[in-house]
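Have a look at the structure first, then work through the points below.

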Amino acid sequence: MPKYKLNYFDIRGFGEIPRLIFNYAGQEFEDRRWAYPDWPEVKHESETGKSPWLEVDDERIYESGAINRYLATTFGLAGKDPMENAQIDSIFDIYKDAFKEAAGIYMWVKSPYYNQVPVFYHEIVEKQYGKLEDMKPKYDEAIEFYWPLVQKRLDKSGTGFFVSKLSWADFFLADKIETAMNLDENFEKKFPKMIEYKNRIHSEPKIQEYLKNRKESFY
Amino acid sequence: MPEYKLSYLPIRYLAEPARLIFHYAQEEFEDEQLGFDEWDSVKQTSPFNTLPLLTINGKIQIGQSMTIFRYLAKQFGLDGGTDLEDAHINCIAEYFREMMEKARPFVRFWNRGIVEKNFEQNDEEPEFPLVVQQLKLYLEPAVREYFPVIIDLLKKSKNDFFADSGITWVDFFISEYVDSLKNVAPELAEQYPELLEHSKIVHSIPQLQNYLESRKHTDW
């Protein structure tokens, strides 16, 4: 078996899916994490200047989508055919698109990480984007757009999973539902079926130990 | 009396010190403010393809903001009292200008949303919105490096201004930028109280009050 090393921030973000896949597969891996303030020192190690990246022996994979697909294929969490894989890729990319810019900034401002930066960063964010209440509509818009799409596919699938069986899409969506719940206490009321879905996915026996012991992460 | 026309954009940035000099001296001038979209036409008429531009008697053109400030200061007694003092305040001004150039990408982004060609989104911190990345990369380091030195120089003066002999154009030059910083990042500006105090004193000068009362607020 090759040596795996995941390199990412000490958050769930776009690094949690590889962690879940490794734990699901019972595969040992090095879970390298760093705090936000340490990123400038680590950054130069990344050939793209970004993270996460996955080291597989002396090979490297950049981009969370590519990492997820590689690990899913390796450990049996991919779709059963090209169309299922395309649907998984699609819902993943749509999320990234929908939650960038104003919606993404809202998430950061609402998070505990916001208070770790100097006050004058806050001042400048407010001048550009307004207060939290001004940014919230963009975030809500993204939520109202994304989760009904997911529900539609879940209904179409009818298996209780995003595709015909458990795949990395389920891990990804459950993770993002958790984030959505952190960001809005009303998410449960708005999307009760999503909560059910998330709880079901998170009850998967092979990831119980990991989920029980893992540290809280706002997003 | 010569006829003066000062041409710039509708912001303070590189022209306000000149405007203040005119108002301090109670000297008439045409305060031409071109829109950002008129920029292209300026390129045809400005000898340096830039603004600000000072036109004297409709014919003589003087470009380069620092040169305009120095020229006007000389005309109206806002330069150094002696050659040596003049050299001293010019050092300070050039040093400050150096800082302004380093911070310039932030100002361009703030005023016009322009991002440098080699700047990559998420260059610094993935969570930070673009404006914070710009602040962190360009404005903050410049301020942190240069402001303490400027404050030291201010303290060495025998009065509230940079020159021992009294107020000069350099006081206008520096205080306007400090005010801009205060507009955009007050808590950062507050870490340099000596410069805030200096700006308050400069902007309290009686000769400037009429103008300052009616002046439109701009961030930079």
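Buried area is the accessible area (1.4 Å probe) that two parts lose on being put together, summed over both. Between chain A and chain B that comes to about 2000 Å², with carbon and sulfur atoms giving 65% of it.

Keep in mind that this is a predicted model: local features need pLDDT of at least 70, side-chain atom pairs count only at pLDDT 80 or more, and totals for chains, interfaces and linings use all residues. Residues are numbered from 1 along each chain as its sequence is written, chains are lettered from A and ligands numbered from 1 in the order in which they are written, and side-chain values use heavy atoms, leaving out hydrogens and water.

**Where the chains meet**

- Counting contacts (heavy atoms within 4.5 Å), 19 residues of chain A touch 27 residues of chain B.
- On the chain A side, A:F120, A:Y121 and A:I124 lose the most area to chain B, together 33% of what that side buries.
- Which elements of chain A give two or more residues to the side that touches chain B? They are α5 (101-110) and α6 (119-129), where helices are DSSP runs (H or I, at least four residues) and strands are too (E, at least two), numbered from the N terminus.
- The largest share of that side, nine residues, comes from α6(A).

- Side chains of opposite charge can pair when their charged atoms come close.
- Over all chains, the whole structure has 30 salt bridges.
- One of them joins A:D10 and A:R33, at 2.9 Å from N to O.
- A:D10 sits in the loop between β1 (4-9) and α1 (16-25) and A:R33 in strand β2 (residues 30-34), so the pair ties together parts of chain A that are 23 residues apart in sequence.
- A:R33 also bridges to A:D31, with the closest N and O atoms 3.1 Å apart.

- B:E16 is in helix α1 (residues 16-24) and B:R215 in the segment after α9 (206-214), 199 residues apart.
- Is B:E16 buried or exposed? B:E16 is buried, at 1% relative accessible area, while B:R215 is partly exposed at 23%; buried means under 20%, exposed over 50%, partly exposed in between (1.4 Å probe, protein chains only).

Terms used. Salt bridge = Lys/Arg side-chain N within 4 Å of Asp/Glu carboxyl O.
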